[in-house]
Structures are given as C-alpha cells and as structure tokens.
Amino acid sequence: MSTWKGKTRGGTFGYLFFIYLIKYLGITAAYIFLSLVVLYFIPFAPKATKSTWFYARHILKYNRIRSLGILLRNYYRLGQILIDKVAIGNGKVDQYRFEFERYPEFLQLLNSEQGVIMIGAHVGNWEIGVPFFDDYGKKINIVMYDAEHRRIKEILEKNGQDKDFKIIPVNEDNLTHVFRITEALNKKEYVCFQGDRYLNKEKLLTGTLLGQKAPFPAGPFLLGSRMKVPVVFYFAMREPGRTYRFHFIRTEPVIRTKEKKAETALLEQYTAALDQILKRYPEQWFNYYSFWETTSDGSLSKD
C-alpha cells in the first residue's frame, strides 16, 4: 500500500508565483489563472488525479460524470485555499467572511488555564484560523512533519511573513517531538495535530472512514486519550463567497475497557466527526495518495 511521503504536493515556485500575482493583480485575478492550472494538473499530476478519482468512484460511489466534477472542484478548491492562505497572510483578511460553530464553548476551553489537544485533518484550510486566535495563537504548537516544516519556514522567511504559532517538527529518527509536546501541554498551551496522515507504519490504528477501513496515525489518539487534557476536533472549511466556516467539536471522555482501548474510542469519535465534514464538503479532501486499505489488485479491502 502506498503511503504519504511526509511532504505536501507543490513546489516553492508555485507558492511564490501566486504570492506575486495576488500582490500585484489581486485575489480575483489569481482565481481566474487558477482555472488554467486546474486543467493542467489533471493530466500532469497522475498520482493525485488517480487517488481523487478512486475517492470519488469507490468511496463516495459517484458515477463518472459526477466523479469528474469532484476532480475539477477538488483541484480548484485546493488552489483557492492556497490563494486565500497567501492573501490573508499578506493583510487581505477584510476581503473574507468567517463563521464559527460552537465557538463560545471552544473559547471557554482556551480560557480554562489548561493544555488543549486539537486534532484536525487535511480537509479545508485549518491554518486559516490561526490569525483569529489573537493572543491564543502565541500558545499554539503545530505538530508538523519535518519536510513540511522546512519548506513552510523557507517560504515565510523569503516573504517576510510572521507567524504567531510555534511548530514542533516530527522526525522519524528520534522522539524529541514527544518531549516538546508534553512540555507545551504542561505549560497550558495548545498542541495541534493532523489525525489523518502517518509516516511510521509500525504505529497505526485502524478506523472506518466513509464506510471503508483505513489506517490512521496512533500518536494523536494515544496522547489525546492519555494526557488528561481536553481534546477538540477542529476543521476550517471553505464555503462560497470567500467564506470560511470553523467547526469545533469537543470530544467525550474516553476510557479503556475490555472491548476497546481508549485511543481506539477516541479515533472512532474522530472518524465520525470527519465523516460528517466530508459528507458536507466532499470536494475538500486533500490526501493525494492511496488512503484507504486496498488489496494487491487495487480494490478496497473487505476486512
């Protein structure tokens, strides 16, 4: 089974191109140019196209015409989200609208003087919310694979963009990140994970997403079930009219039983929440690799 390689698709040139396009021609011009980029990616990004087609046909069970629509909308939405991230990072936040679900409950948690674990996914644009946490942003620690961390740091430094949040890079070769995560929680800060990608095949949990079995990283759910701090699922989803809707879902407490480990119970809550998000925003699934368990012939695993 192919896996994610620790680095999100796209090169530094593409990011820089859109940064300058937005600065000098505006957001709308960037969206228009994006339409051409979408058509380019369908034939010239075969692995990503294949995985999205598989998702539409075999997971969502769409027909061919509807699957083609998802493919086009998926690439376009991904481009929009990258453009929005650059635009907001360059001070154009007033050109967007933001809606929040369960926000008062979430703020109450942040004000409770305790550490919080936040688990998201590669759907929507979770980073877009960081500027709206204001002073809370200074207490946010984002756990990120080292390959992604190095590239994002390079882009931010080249363009003079400040970041309020801190990054905890994950390296397969050592456990330094575990100590940094524990330290952050002990300091009553917030630690953010993505719960849908992994590098270490030896540390996995099996869950069910959209009716099909898939592997998930054990780390976020092990820590979330054992660290004795609140856990929140967080998704920031793109909607029409340059609108983002923030979803905050506080988890129920989990305990180990004879039938189920605590981390498995937390994973089940996570996949149930992610299920609902994907049913509402099916085109905003951005995992471009073979995510669900498949057999050697490429068909879905039956067990």
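I take contact to mean heavy atoms within 4.5 Å. Helices here are DSSP runs (H or I, at least four residues), numbered from the N terminus.

Housekeeping: this is a predicted model, where local features need pLDDT of at least 70 and side-chain atom pairs count only at pLDDT 80 or more, while totals for chains, interfaces and linings use all residues. Residues are numbered from 1 along each chain as its sequence is written, and side-chain values use heavy atoms, with hydrogens and water left out.

**α8 and α9**

I looked up where α8 (residues 218–226) touches α9 (residues 262–280). From α8, I find F221, L222, G224, S225 and R226 meeting A262, E263, L266, L267 and Y270 of α9. By class I get six nonpolar, two polar and two charged residues in this contact; Ala, Val, Leu, Ile, Met, Phe, Trp, Tyr, Cys and Pro count as nonpolar, Asp, Glu, Lys and Arg as charged, and the others, Gly among them, as polar.

The packing angle is about 110 degrees, with the axes 8 Å apart. Axes are lines fitted to C-alpha atoms over the stretch in contact, and angles run from 0 to 180 degrees between N-to-C directions. The pair is therefore roughly perpendicular (65 to 115 degrees).

**α2 and α4**

Next I checked α2 (residues 27–44) against α4 (residues 64–89): about 140 degrees, axes 9 Å apart. I note its make-up as 14 nonpolar, three polar and one charged.

Definitions and conventions:
Helices (H or I, at least four residues) and strands (E, at least two) are DSSP runs, numbered from the N terminus. Angles under 35 degrees count as roughly parallel, over 145 as roughly antiparallel, 65 to 115 as roughly perpendicular and the rest as oblique.
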